[in-house]
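Hi,

Here is the structure I promised to pass along. Have a look at it first, and then read on for my notes.

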Amino acid sequence: MERPQSERSDSSLRVDRQTIREIVGAAGAALAGYGAWLSYPPAGFMVAGGILVGLAAIGTLRGGR
């Protein structure tokens, strides 16, 4: 027996633009760190740390919004 329309689950995945931006930003940060690591391993940690510090500073300046 088929379930009524109101009981069907919506299995479609919805992704908004902000989520896409965050995924692309995280991928870009990972690639920047990895690229620097390929050149000089400690540089990869410096780049990744710099990105995290920058994000923390931006988050603080925006007031956590």
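To start with a residue you can find by eye: is Trp37 buried, partly exposed or exposed? Trp37 counts as partly exposed, because its relative accessible area is 40%, and the buried class would need a value under 20%. Do keep in mind that this is a predicted model, so everything below is computed from predicted coordinates.

Now the overall picture. The chain has two helices and zero strands. Buried residues make up 6% of its 65 residues. The accessible surface comes to about 5900 Å², and carbon and sulfur atoms account for 64% of that.

UniProt, in an unreviewed entry, lists residues 20-37 and 43-61 under "transmembrane region". In the model, residues 20-37 are 100% helix and 0% strand, with 26 Å between the end C-alpha atoms. Residues 43-61 are likewise 100% helix and 0% strand, and there the end C-alpha atoms lie 27 Å apart.

Back to Trp37, which has a partner. A search of the whole structure turned up one aromatic pair. That pair is Tyr34 with Trp37, and it is stacked: the centres are 6.0 Å apart and the planes make an angle of 20 degrees. Both residues sit in helix α1, three residues apart, or about one turn of the helix. Tyr34 counts as partly exposed because its relative accessibility is 47%.

Helix α1 covers residues 17-39, and Ile20 lies in it. With 46% relative accessibility, Ile20 is another partly exposed residue.

On to helix α2, which runs over residues 41-61 and contains Ala48. Where does Ala48 meet a residue 15 positions away along the chain? The residue in question is Gly33, and the two C-alpha atoms are separated by 5.2 Å. Ala48 itself is partly exposed, as its relative accessibility is 33%.

I also checked the length of α2. Its 21 residues should span 30 Å at 1.5 Å a residue, and the end C-alpha atoms are 31 Å apart, so the two values agree. After α2 comes Gly63, which has a positive phi, near 80 degrees.

Cheers

Methods:
Residues numbered from 1 in each chain as written. Predicted model: local features only at pLDDT ≥ 70, side-chain atom pairs only at ≥ 80, totals over all residues. Heavy atoms only, no water. Helix = DSSP H or I, 4+ residues; strand = E, 2+ residues; numbered from the N terminus. Buried < 20%, exposed > 50% of the residue type's maximum accessible area, 1.4 Å probe, protein only. Areas by Shrake-Rupley, 256 points an atom, 1.4 Å probe, with all protein chains shown as cover. UniProt positions renumbered as here; feature names shortened; annotations may be inferred. Phe/Tyr/Trp six-rings, centres within 6.5 Å; stacked < 30°, edge-to-face > 60°. Expected span 1.5 Å × (residues − 1).
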